[in-house]
Amino acid sequence: MPECLFCRIASGGVRASRVLESPRTLCFRDISPQAPTHVLVIPKDHYPDLAALAAADDGGLLIELAGQVREVAEAEGISGSGYRVV
């Protein structure tokens with residue numbers, strides 16, 4: 001989706017400070033962080049919302065995203081301090 005900011009970030013059209021990446025996911029730092037560590041974890045394919053992702057997911061993408069959240073939290077040293085998923 002060309003008008004979707006996250007799609008443009010995932011495709012490299014908009015620069016981002018990448019933290020972790022897989023063929024299907026991207027983790028990057030928020031440009032306007034609301035916390036000392038603020039990393040976004042997104043699928044590279046466009047889904048308008050979580051419900052659409054859940055309905056379409058047959059390859060374990062939700063599990064992969066959750067694993068990426070855990071991996072980023074561990075790498076950032078916040079896994080034991082209670083990170084927040086929104």
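How many disulfides does the structure hold? The count is 0 disulfides, where a disulfide is a pair of cysteine sulfur atoms within 2.5 Å. In general terms, a disulfide is a covalent bond between the sulfur atoms of two cysteines.

Before you start clicking, two notes on the model. This is a predicted model in which local features need pLDDT of at least 70 and side-chain atom pairs count only at pLDDT 80 or more, while totals for chains, interfaces and linings use all residues. Residues are numbered from 1 along each chain as its sequence is written, and side-chain values use heavy atoms, with hydrogens and water left out.

**Stop 1**

Select Cys7 together with Cys4. Cys7 is in no disulfide, and its nearest cysteine sulfur, that of Cys4, is 3.6 Å away. Cys7 counts as buried at 13% relative accessibility. Here, buried means under 20% relative accessible area, exposed means over 50%, and partly exposed is in between (1.4 Å probe, protein chains only).

Next, select Cys27. Cys27 is in no disulfide either, and the nearest cysteine sulfur, that of Cys7, is 16 Å away. With a relative accessible area of 0%, Cys27 is buried.

**Stop 2: the strands**

Now switch to a cartoon view. Helices (H or I, at least four residues) and strands (E, at least two) are DSSP runs, numbered from the N terminus. Two strands pair if DSSP finds at least two bridges between them.

Select strand 1 and strand 2. These strands run antiparallel and are joined by 3 bridges. They form a hairpin, with 3 residues between them. For a closer look, pick Arg18 and find Phe28 standing opposite in strand 2.

Strand 2 and strand 3 are joined by 5 bridges and run antiparallel. Click on Arg29 and look across to strand 3, where the bridge partner is Val39.

Is strand 2 mostly covered or mostly open? Strand 2 is mostly covered, as 4 of its 5 residues are buried. While you have the strands on screen, here is a general point: in a regular strand the side chains alternate between the two faces of the sheet.

**Stop 3: the aromatic pair**

Show the side chains of Phe6 and Phe28. The structure has 1 aromatic pair. Rings of Phe, Tyr and Trp (its six-membered ring) pair if their centres lie within 6.5 Å; planes under 30 degrees apart count as stacked, over 60 as edge-to-face and the rest as tilted. Phe6 and Phe28 make a tilted pair, 6.4 Å centre to centre with 50° between the planes. Phe6 lies in helix 1 (residues 5-11) and Phe28 in strand 2 (residues 25-29), so the pair ties together parts that are 22 residues apart in sequence. Colour the two by accessibility: Phe6 counts as partly exposed at 40%, whereas Phe28 is buried at 3%.

**Stop 4: the salt bridges**

How many salt bridges does the structure hold? There are 5 salt bridges, each being a side-chain nitrogen of Lys or Arg within 4 Å of a carboxyl oxygen of Asp or Glu.

Select Glu64 and Arg24. Their closest N and O atoms are 2.8 Å apart in a salt bridge. This pair links distant parts of the chain: Glu64 is in helix 3 (residues 61-75), and Arg24 is in the loop between strand 1 (18-21) and strand 2, 40 residues apart. Glu64 is partly exposed at 21%, and Arg24 counts as partly exposed at 33%.

Arg29 is in strand 2 and Glu76 in the segment after helix 3, 47 residues apart. Arg29 counts as partly exposed at 34%, and Glu76 is partly exposed at 25%.

Within it, Glu21 and Arg18 form a salt bridge whose closest N and O atoms are 3.0 Å apart.

**Last stop: Gln68**

Finally, select Gln68, whose place is in helix 3. Gln68 counts as buried at 9% relative accessibility. Not counting residues up to four places away in sequence, Gln68 touches Leu20, Ser22, Thr25, Cys27 and Val41, with contact meaning heavy atoms within 4.5 Å.
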